[in-house]
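Could you walk me through this protein model in plain terms? I am new to reading structures and would like to know where to look.

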Amino acid sequence: MNEQLKDPLSGSIVDERYRVLSRIAHGGMSTVYLAEDIRLERNVALKVLYPHLADDDSFVDRFEREAKSAARLSHPHVVGVLDQGVDGDLAYLVMEYVPGRTLRELLEERRTLTPKAAFAILDPVIAGLGAAHDAGLIHRDVKPENVLLSDDGRIKIADFGLSRAISRHTGTGMLFGTVAYLSPELVSGQPVDARSDIYAVGVMLYEMLTGTQPFTGEDPIQVAFAHVHQQVPPPSDVLPGLAEDIDELVLWCTARDADERPIDGAALLGELRHIRQTLPGEQLDYAQSNNATQVIPRTPERDDGHTTVIALASNRTQALSAEALTGPRGDDNSRVSPRQQRRAAKERNKEQTRQARTPQKQLKPGKKSRNVIWIAALVLLAAVIAVAGWYFGAGPGALATVPNVTNQPVASAKAQMADAGLDTSTKAVFHDELDKGNVISTEPAADSNIRKFRTVTLLVSKGPELFTVPNLVQRDLDSARADIEDSPLSLGEVTEAYSESVASGKIISQEPQADERVKRSVTINLTVSKGKEPIDVPSVVGLSEDEARQKLQAAQLQTVIAPEAVHHPEIPEGAVARQTPEDGTLHRDEEVTLTLSLGPEMVDVPNVFFQREDAAVRKLEDAGFVVEVKYTYGKSVLGLVAGQDKTGEEPKGSTVTLTVS
């Protein structure tokens, strides 16, 4: 597609929260975009369903329910479902964004993988499927396009929750899925469970090893019929010399009868890891280039990896009955594993070879000992078959169900495993809820059917993992918050308080204290400084020195006495004549300077009798007095002082009243 063509959703905002940045991929049912979650400021994958699906109210209801079920699944190898909604004519699903590429892109680049590389990719995929199966979820569309390989090495499986909703939307006359990986029961409309996902994993493993899918055709319906009527061939047909155990693993996963496959992802994961541990290195590193005489077949045409909807009998002119879809199943092999079938077939071939070599007519009579030898050989062969039957029927190779021993002490769990005929090993891991020494879970999972010769690993609680609380006192709040977010702990309540010793914006205290050992779920509460507490400066003018000191001390302020006292006409000697500052605010232990009074200053009052008014007033004011003038007969031209109320010594600054006539 021309990258210059702008997608209509590019740059738009979905549901007032998700800004569409670019298109990542598109398939048969939806288009996937890289988007920004505006609220949480992170990149997400936005899967937008095609309009004909969003227009169906019943489908949208089912889609919401399936998305909520998928969102409850949390596993490191499953792409997380973060949100789901409908915005106008858009029905969308928000998923974790995993930058990288798909397994399909890797196969297009390399074409084939070694068994070691294929197992390394499948291990986390099957682990994720196993967790989903334990939670009651079935993927229904496992394929390389849904296996994501991140740039940092993580491997995740995507699209849980969408498949079931769309498959219900199609109705009984339609078939949902990518035909190259469809299980026979999906094609024929039979009930589907975790074993359908296992079938798709087996097909995917075949393709990873050989570079081709087991069934191809010009018409998708032909490929679907092949899954019903034919057994997936062993990959060694294309790769001569491939380990027999790998052949058997593929055939076990892709058995046409679901009862002959691993019961779920957990059961398959145990077998995959067993093969990885037991196969020699040269067999795990097997590659086509190792076989000089091998002819590498051309990769056949296949579909583009999009999910396909195939019309069944109700949508075609040709009548296809369920019997025509499913066809004969072949002999019932008592639901034994492919490994047992292959070994039994080898024994039958040996038997037929011996019988072919046994003469039907005695050409030279008299040599009866030869017949005795043949009879003994047949008896021995029968004994071998009987022993093999016992081994796989009641002996160490028999199937056993893993007991559920969750939250039981190790000794009790081991006893139950022994009663079931299973050996155990233990692995200690942290757990926040279960007591130390109790079993968290088992590998393979509880209720799995496994061979008795396999070992069940008991995951035993070491108790909660404890983390050291960092020292955040005297740190900036933003810096402390970043450290907490990078740790397994979380930030709790943040309060503010005045502090005389910690600067504004710095952390005064924390709870729990620094260096305490706490569980992952603990939150750290912080108290942040608002700086020093402001104190209103009290007025102490007119108070005695002792009274003034006590009042300032009560306000947590320091008192400083000015070195020089001053006269004050109204404040007695020894009292506070003035203070600096007079008002406003200070902080604790800051200083207020007090100037004490010397009392009034005594000055001789000048005698101004019979002096002109202006000269008398000037003389008294120059001496430091305040002058008040009264007129006997009103203001006259002469204006002579006829009397004054004060003579002798008077406090400087006091008022002298003159009578002018």
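**A walk through the model**

The largest cavity holds about 60 Å³ of space. Keep in mind as you look around that this model is predicted. One cavity of 30 Å³ or more is counted here. To find this largest cavity, look for the residues that line it: Arg 140, Asp 141, Val 142, Thr 178, Tyr 181, Leu 182, Ser 183, Leu 186, Ser 196, Asp 197 and Ala 200. What kinds of residue are in the lining of the largest cavity? Five are nonpolar, three are polar and three are charged. Helix α7 gives the most to this lining, with three residues.

Let us stay with α7 and turn to its helix partners. Two packed helices are described by the angle between their axes and the distance between the axes. Helix α4 covers residues 115-134 and helix α7 covers residues 194-210; their axes come within 11 Å and cross at roughly 170°. Are α4 and α7 roughly parallel or roughly antiparallel? Angles over 145 degrees count as roughly antiparallel, so α4 is roughly antiparallel to α7. The crossing in which α4 passes α7 is right-handed.

You can trace this contact residue by residue. On the α4 side are Pro 115, Ala 118, Phe 119, Ile 121, Leu 122, Ile 126, Leu 129 and His 133, and they meet Ala 194, Asp 197, Ile 198, Val 201, Met 204, Leu 205, Met 208 and Leu 209 of α7. Sorted by class, the residues of this contact are 14 nonpolar, one polar and one charged.

Next, α7 has a contact with helix α3, residues 103-110, where the axes come within 10 Å and cross at roughly 25°. Angles under 35 degrees count as roughly parallel, and α3 and α7 are therefore roughly parallel to each other. Leu 103, Arg 104 and Leu 107 of α3 make this contact with Met 204, Glu 207 and Met 208 of α7. By class, the contact of α3 with α7 has four nonpolar, no polar and two charged residues. Met 204 and Met 208 are also among the α7 residues that meet α4.

Now follow α4 to another partner, helix α10, which spans residues 265-278. The axes of α4 and α10 come within 8 Å and cross at roughly 155°. These two helices are therefore roughly antiparallel to each other. Is the crossing of α4 and α10 left-handed or right-handed? This crossing is left-handed. From α4, Phe 119, Ala 120, Leu 122, Asp 123, Ile 126, Ala 127, Gly 130 and His 133 meet Gly 265, Ala 266, Leu 268, Leu 269, Leu 272, Arg 273, Ile 275 and Arg 276 of α10. In this contact, 10 residues are nonpolar, three are polar and three are charged.

Some details of the backbone are worth a stop too. Most residues other than glycine have a negative phi, and most peptide bonds are trans. Asn 407 is not a glycine, yet its phi is positive, at about 65°. You will find Asn 407 in the loop between β12 (399-401) and α15 (410-419). A cis peptide bond joins Glu 511 and Pro 512, with omega about 5°, and Pro 512 sits in the loop between β19 (507-511) and β20 (517-519). The bond from Thr 580 to Pro 581 is cis as well, with omega near 0°. Pro 581 lies in the loop between β25 (576-580) and β26 (585-587).

Our last stop is Glu 650, in strand β31 (residues 648-651). What is Glu 650 in contact with, leaving aside its neighbours within four places in sequence? Its contacts are Glu 601, Met 602, Val 603, Val 605 and Phe 625. The C-alpha atoms of Glu 650 and Asp 604 are separated by 6.3 Å, although these residues are 46 residues apart along the chain.

Notes:
Residues numbered from 1 in each chain as written. Predicted model: local features only at pLDDT ≥ 70, side-chain atom pairs only at ≥ 80, totals over all residues. Heavy atoms only, no water. Axes fitted to C-alpha atoms, helices over the stretch in contact; angles between N-to-C directions. Helix = DSSP H or I, 4+ residues; strand = E, 2+ residues; numbered from the N terminus. Parallel < 35°, antiparallel > 145°, perpendicular 65-115°, else oblique. Left-handed = near helix turned anticlockwise from the far one by under 90°. Contact = heavy atoms within 4.5 Å. Nonpolar A, V, L, I, M, F, W, Y, C, P; charged D, E, K, R; others polar. 1 Å grid on protein atoms, 1.4 Å probe; cavity = no way out; pocket = protein on both sides within 12 Å on 5 of 7 lines; lining within 4 Å. Points joined across faces, edges and corners; volume = space filled by probe spheres on them.
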